[in-house]
Amino acid sequence: MTTITTALLALALMFSGQANGSNDLREAESARLRALVTADYAALDRLLGDDLTYTHSTAKVDTKASYLEPLLSGRTRYTSLDPEDVQVRVYGTTGVITGALRSVALVAGKESRTHMRFTSTWVRRDDRWQMVAWQSTRLP
């Protein structure tokens, strides 16, 4: 095999792996949004890293435990999450998702609607993707 053929094969495998990783990561993000809307907190627990740093559009920062608490208690319940303009990039075992999101939630019985831009960081661990960071900014 020539050096050029070997290099081309290596590039093809790298991009093929990125495409597959990208699709897997996109599915993990879809599963996270579904879990929030359907209140499947066992699935959500598996999709969030124990080292999660979650920065809300209000600038409030949560750990995994403090993020899950209002969901588990029922104080917060998502009724819809609609992503827009989502871009997924994979760099080995790290993935970055950017986009916009329209969310509707009931917070302490009161409807809250938010349109935001977000960046989330995911890490591939134990043969699955886990979200380890979220940062969002409210859109006007």
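This is a predicted model: local features need pLDDT of at least 70, side-chain atom pairs count only at pLDDT 80 or more; totals for chains, interfaces and linings use all residues.
Residues are numbered from 1 along each chain as its sequence is written, and side-chain values use heavy atoms, with hydrogens and water left out.

The protein chain contains three helices and six strands. Helices (H or I, at least four residues) and strands (E, at least two) are DSSP runs, numbered from the N terminus. Along the sequence they follow the pattern α-α-β-β-α-β-β-β-β. Of the 140 residues, 36% are buried; buried denotes under 20% relative accessible area, exposed over 50%, and partly exposed in between (1.4 Å probe, protein chains only). Contacts are heavy atoms within 4.5 Å. Among those between residues at least 6 apart in sequence, 48% join residues at least 24 apart.

The six strands form an open sheet of mixed pairing, in the order β2-β1-β6-β5-β4-β3. Two strands count as paired if DSSP finds at least two bridges between them. Strands β2 (61–62) and β3 (76–91) stand at the edges with a single partner strand each, so one side of each lacks a neighbour in the sheet. Helix α3 (residues 64–73) packs on this sheet and touches β1, β2 and β3. Its direction makes about 80° with that of β1; axes are lines fitted to C-alpha atoms, for helices over the stretch in contact, and angles run from 0 to 180 degrees between N-to-C directions. Strands β1 (residues 48–55) and β6 (residues 128–138) run parallel and are joined by four bridges. Leu48 stands opposite Met131 in β6.

The largest nonpolar core has 28 residues. Such a core is a set of buried Ala, Val, Leu, Ile, Met, Phe, Trp, Tyr and Cys residues joined through side-chain atoms within 4.5 Å. Leu44, Tyr67, Leu71 and Trp122 touch the most other members. Helix α1 supplies the largest share, five residues.

Tyr67 and Leu71 also belong to the buried set of α3, together with Lys64, Leu68 and Pro70. Seen down the helix axis, the buried residues of α3 fall within an arc of 155°, so they line one face. This arc is that of the directions from the helix axis to the C-beta atoms. On the other side of α3, Ala65 and Leu72 are exposed. Leaving aside neighbours within four places in sequence, Tyr67 contacts Arg32, Leu36, Leu44, Leu48, Leu52, Tyr54, His56 and Asp62. Gly74 follows α3 and has a positive phi, near 90°.
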